[in-house]
Amino acid sequence: MAAGAAAWCAAAGAATIDPDISARLARDIGAHRYPVIIHLAKQADPAELGKRFAEVPAAQRGGRIVEALRAFNKPLQAPLLQDLSARHAEEVNALVTVNAVAARLAAKDIREIARRPEVASIRYDIGLVAPSRKAMADPCRPARPTPRQRLPKACREGAKPATTVDAAAFDLALAASLTVQSVGAPQAWKAGFTGKGVTVAFVDSGVDATHRDLAGSFRGGSADWFDVHGQHKRPIDRHGHGTQLAGLVVGAGASGQTLGVAPQARWIAARIYDDGNVGRMSQIHRIMAWLLDPDGNPATPDAPQIVLNAWGLGDRAGTCDTEFARDLGWLRAAGMHVVFAAGNGGPTNNSSVSPANNAGVLAVGALDSAGEMALYTSRGVSACDARAYPDLLAPGELVRTTDLAIPGIPVTAAVSGTSYAAAVVAGELALLSQAKPKMAVLERETLLQGTSEGRPVLLRALGLAADGSAERPQ
């Protein structure tokens, strides 16, 4: 992870240049192009826009915020975009959730752009790598193609989409996994709280929508899947991590047990990593804008209520990086729960990672099988706002969930990590969002914090007794 903005190096003019790139620029007089994010000095005020749209229904508020951000950014970005065009910059993208422009530029151009009065900082557009796991081979792109090799029919031009998956439906009579039982979800289901009417967005490696336990809960609209790389038109996961997260939130019971905490919630997803398992920060900024208004129509109530993130800038634990602070602020202003995995940097103290340690984010650590904080959970205080870190804990050790599907077989896996604990909490928030739709985001999150003797915290938050019956007033 690059150092935070406070540590950036001063450039020749008013702008600062990220140290990840400034040393290279000092030596480079050639034509090599660097991916950068050029931040402008003037930024929209989240507090002001939040107040302006506070009365707009939450599912439409994000669209109105995006509309306002585009109007604010456009005239300020226009001169810079014109300059970049004259310099023949490559891969230029005007960002929305931050007033910034991403581009590939030569060293000479970066030094000159830094002198522009409206530019506040220039940051290296860091490449993020998916969690360690071998990627699934792409059958449409064989590693060693031969002249006579025939690609599968689904890969050929004009091929029809795969046939409909035999999706598993939620069955209240089916047993739940041990993890789901431990948080009290089956009792909540019996009381009518299954996540119905709630949408959860997964921001990770994608989701395998051919898995029987996940196929039926995909919201299914043309704008409900965002591959920022433009490589796949339908939901896919060539890595597996995102699919594992999804199972713990919305997984049904094709394997014989219900895997998700909120099995009747719907999901949408954005894919951070390309087919080589790499993504860039600027692409995540674009995903954040999509989350606010998936179909690009402010009048459509299509924003998710919960955003689950299991990614980070995490090679420098214990530091604060605010690259995404504004993006996350807009999500909160739009009425969304912003859930992050706290990171697996434990047992080192003060090992928080960004953006999970940013203000306004719900950072989730893992509990082990004994109900104690898992050794690997990042902990201490947040390097950004000094709050106790993580914000709460949930089961995250050897939890059973969905994995990349084999046709006709509902594959599952036992996994460990704070990513999976965060998924459990996202599922709990889906149940709470259904039960208490008018409650403020912070209030719902506060209900899940602390302990509850004799029953899971989720049941206390829902006002249910240990057996799932309505809690009697004292």
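Tutor: Let's begin with residue classes: Ala, Val, Leu, Ile, Met, Phe, Trp, Tyr, Cys and Pro count as nonpolar, Asp, Glu, Lys and Arg as charged, and the others, Gly among them, as polar. The structure is a predicted model, in which local features need pLDDT of at least 70 and side-chain atom pairs count only at pLDDT 80 or more, while totals for chains, interfaces and linings use all residues. Residues are numbered from 1 along each chain as its sequence is written, and side-chain values use heavy atoms, with hydrogens and water left out.

Student: How do those classes divide the lining of the second largest pocket?

Tutor: The lining has 14 nonpolar, 11 polar and seven charged residues.

Student: What makes something a pocket and not a cavity?

Tutor: On a 1 Å grid over the protein atoms alone, a cavity is a set of points where a 1.4 Å probe fits but cannot get out. A pocket is an open set with protein on both sides within 12 Å along at least five of seven lines, and its lining residues have an atom within 4 Å of a point. Grid points are joined across faces, edges and corners, and a volume is the space filled by probe spheres set on the points. The second largest pocket holds about 700 Å³ of space.

Student: Which residues lie nearest the centre of the second largest pocket?

Tutor: V183, L367, L393, A394 and P395 do, out of 32 lining residues. Helix 5, strand 17 (392-395), strand 18 (399-402) and helix 13 (457-462) each give two or more residues to this lining. Strand 17 gives the most, with four residues. Helices (H or I, at least four residues) and strands (E, at least two) are DSSP runs, numbered from the N terminus.

Student: Why is the pair of F170 and W189 called edge-to-face?

Tutor: Rings of Phe, Tyr and Trp (its six-membered ring) pair if their centres lie within 6.5 Å; planes under 30 degrees apart count as stacked, over 60 as edge-to-face and the rest as tilted. This rule gives a count of six aromatic pairs. For F170 and W189 the centres are 5.2 Å apart and the planes stand at 80°, so the pair is edge-to-face. F170 belongs to the loop between strand 7 (127-129) and helix 5 (178-182) and W189 to helix 6 (residues 185-190), so the pair ties together parts 19 residues apart in sequence.

Student: How do you know whether W189 is buried or exposed?

Tutor: Buried means under 20% relative accessible area, exposed over 50%, partly exposed in between (1.4 Å probe, protein chains only). W189 has 4%, so W189 is buried.

W311 and F324 also form an edge-to-face aromatic pair, at 5.2 Å centre to centre and 80° between the planes. Both lie in the loop between strand 12 (306-309) and helix 10 (325-333), so this pair ties together parts 13 residues apart in sequence. W311 and F324 are both buried. Elsewhere, F202, F218 and W267 are linked into a cluster by ring pairs.

Student: What makes R116 and D83 a salt bridge?

Tutor: A salt bridge is a side-chain nitrogen of Lys or Arg within 4 Å of a carboxyl oxygen of Asp or Glu. The closest N and O atoms of R116 and D83 are 2.9 Å apart, and the pair qualifies. It links R116, in the loop between helix 4 (107-113) and strand 6 (119-124), with D83 in helix 3 (residues 58-86), 33 residues away.

Student: Why do R116 and D83 count as buried?

Tutor: R116 has 18% relative accessibility, so it falls in the buried class. D83 has 13%, so D83 counts as buried too.
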